[in-house]
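Where are the holes, and what lines them?

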Amino acid sequence: MDVRVAAKAGSCYGVKRAIELSKDTVRNRPGPIFSLGPLIHNPQVVAYLGKLGVQEIKDIGEIKEGTLIIRSHGVAPALLNAAQELGLNIVDATCPFVRRTQVVAHDLMTKDYQVVIVGDKNHPEVQGILGWADGKAEVVENPWEAGLVKARGKIGVLAQTTQSEENFNAVVETLEKSGSVVQAFKTICSATSERQKAAHELACQVDVMLVVGGANSANTRKLASLCRACGTTTYHIEEVGELEPAWFQGVKAAGLTAGASTPDWIIEEVKNRMSEIEEQNGNEEGMKDAVEVKAIRSGEIVTGTVVHVGQDEVMVDVGAKSEGVIPIRELSCCEVTSIQDIVKVGDQIEVYVLKAEDNEGKLILSKEKADAEKAWSGLEEALDSGQTVEGTVREVVKGGLLVDIGVRAFLPASLVDRGYVEDLSKYLGQSIASRVIEMNRARKKVILSRKAVLEEEFAKLRQELLTNLAEGEVVKGVVRRLTQFGAFVDIGGVDGLLHISEMSWHRINHPSEVVQVGDEIEVMVLKVDRDNEKISLGLKQVLPNPWDTVEEKYPVSSVVPAKVVRLAPFGAFVQLEPGVEGLVHISHLAERHVAKPDEVVTEGEEVNVKVLSVDPVEKRIRLSIREVYKEKQEREYRDYNHNKTEDTGDVVTIGDMVGDLFDKK
Ligand code: SF4
């Protein structure tokens with residue numbers, strides 16, 4: 001087996017510099033030494049530096065003293081300031097190429113450019129550059145996202161250093177279509193593009209390709225995907241222990257490359273191990289059992305069984321001489337975070353044959369293309385007929401969601417639900433039904449609306465409810481909104497109005513005295529206006545009516561406490577209990593003549609009243625304060641007379657009693 005190493009592979013200038021600066025720091029600086037996050041995206045190197053004494057932290061809040069190494073990705077200025085304020089020594093290992101990008105971002109921002117960064121918004125390098133643009137830059141990953149940027153003036157575009165030129169140019173081209181003046185700064189590091197070019201060239205010449213580097217290294221993953229783009233079986237490994245002899249069975253030439261964060265010693269280890277494996281295999285061709293095989297041609301769609309799910313690819317038995325491989329990028333139209341979410345061993349799936357078996361037995365398959373073939377014809381029909389399509393939400397992107405409906409479809413944020421959605425991430429992984437509102441197969445563009453489906457369901461529900469609701473029916477509801485004149489209550493997808501006058505048996509000034517937004521309540525349907533689609537609800541109707549028991553509680557001639565609630569020219573209204581008011585006529589306010597009620601009572605005053613009559617049907621109670629005084633006087637007179645008679649045996653008149661009272665004064 002011929003083992004070839006890519007012309008450019010492994011540690012770049014920035015990574016080597018960061019490692020050397022770290023080793024220098026260990027040698028020359030006293031006290032603890034920290035790196036904010038892994039110094040580079042390679043676990044073996046991080047472990048090696050850890051042994052030397054460089055401890056990894058996630059947040060500078062974790063430390064109070066010592067030396068902080070800023071890794072080659074760089075950081076935002078706010079973080080540097082915070083480290084300085086903490087009194088930490090700073091060793092800045094930001095790669096000079098990244099630093100240049102930070103300076104460009106800051107410069108563009110201060111010159112009022114709308115800054116657009118082409119890169120991965122979650123990558124620490126991009127996060128740092130964003131900080132240098134005061135957080136005002138927009139990050140786009142591809143031309144499609146660039147198409148969503150709302151141009152506000154002149155645009156300055158720059159790139160994460162590991163971007164491909166092809167993607168950067170395509171983004172710039174898209175932005176230029178917005179009509180704005182676009183200034184492009186190709187801040188792409190040549191180390192990255194050189195490694196990418198060399199890896200791609202080599203991959204196209206060999207039978208199998210090995211890419212060595214951290215699983216968390218974006219540039220290493222990119223190398224692997226470029227190698228796979230040649231149709232060559234590619235394995236991405238972090239260290240030598242992951243090598244499998246079976247990968248090299250029958251292989252004549254194997255290629256080797258490594259990400260920019262992989263040091264030379266790891267590449268050397270892998271290369272040596274590959275040579276050892278070659279010896280072990282001894283070019284032996286395993287004898288295969290004679291099995292019936294079928295001819296598979298490129299471009300056809302066949303059904304197969306998933307026989308292995310790996311980290312980067314899936315093996316499928318389609319009944320051919322060898323098992324077919326679906327590279328991870330050919331699994332789904334959207335980014336795959338976990339292959340297990342897409343397929344499992346034993347699944348029967350349809351696959352599109354990208355590359356039929358050649359002399360070396362390679363069979364490259366695509367699930368994405370097979371799904372897309374099926375999906376497109378169905379989508380055209382769905383657009384015409386208005387039928388819904390089902391899909392799984394795969395990504396939250398700027399302005400909406402990406403939904404896998406066999407092809408990648410965009411669901412704008414404003415069309416996700418009937419109302420505004422604050423956090424779109426809650427839909428991730430969910431299966432949703434939407435309507436296709438726009439599509440262009442040539443441009444692979446599909447726009448969905450879930451709102452359209454929900455609105456239709458809502459309208460249907462409303463219609464059903466309006467049809468089935470009966471006046472007098474008691475239903476459950478949730479208070480959605482309060483106004484001055486009442487509350488809107490959702491009674492199962494439809495809002496009805498609970499007017500303030502129907503909330504309580506007693507007078508209230510505002511609905512909030514009785515209900516609050518979010519309250520679950522029972523209400524009576526008072527009226528259903530099907531023509532105007534309006535529902536009137538009542539709450540007091542499901543509560544006990546105090547007038548039902550007034551005759552028992554307030555019998556005629558009884559004296560009861562009351563509160564003056566309102567004065568009128570003809571008397572005073574008093575409340576016996578919430579919801580039950582009676583009238584004390586002006587002629588019954590006192591024993592003397594009263595010209596105006598406020599001569600004798602005031603609002604809010606507590607008084608005793610005698611019940612003169614009760615009419616629960618008309619909701620009228622006549623009351624008297626005068627009668628209470630009169631009764632009191634008579635009682636006092638009787639008591640007095642009784643005492644006097646007992647003392648003297650004389651009969652006492654009222655005149656005597658009054659005379660006595662004057663004498664006492
Ligand atoms: S890839 Fe380029 S920009 Fe990134 S650290 Fe290496 S030299 Fe610097």
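A cavity here is a set of points, on a 1 Å grid over the protein atoms alone, where a 1.4 Å probe fits but cannot get out; lining residues have an atom within 4 Å of a point. Points are joined across faces, edges and corners, and a volume is the space filled by probe spheres set on them. The model is predicted, so totals for linings use all residues, while local features need pLDDT of at least 70 and side-chain atom pairs pLDDT 80 or more. Residues are numbered from 1 along each chain, and side-chain values use heavy atoms, without hydrogens or water.

The count comes to three cavities of 30 Å³ or more. Here are two of them:

| Cavity | Volume | Lining by class |
|---|---|---|
| Largest | about 290 Å³ | 11 nonpolar, 11 polar, one charged |

The largest cavity is the space taken by the ligand (more than half of its atoms lie within 2 Å of the grid points). Cys12, Gly14, Cys95, Phe97, Thr161, Cys189 and Thr192 surround the ligand, each with a heavy atom within 4 Å of it. That shell has four nonpolar, three polar and no charged residues.

As for the second largest cavity, its lining includes Arg228, Glu313 and Arg329.

Key. 1 Å grid on protein atoms, 1.4 Å probe; cavity = no way out; pocket = protein on both sides within 12 Å on 5 of 7 lines; lining within 4 Å. Nonpolar A, V, L, I, M, F, W, Y, C, P; charged D, E, K, R; others polar.
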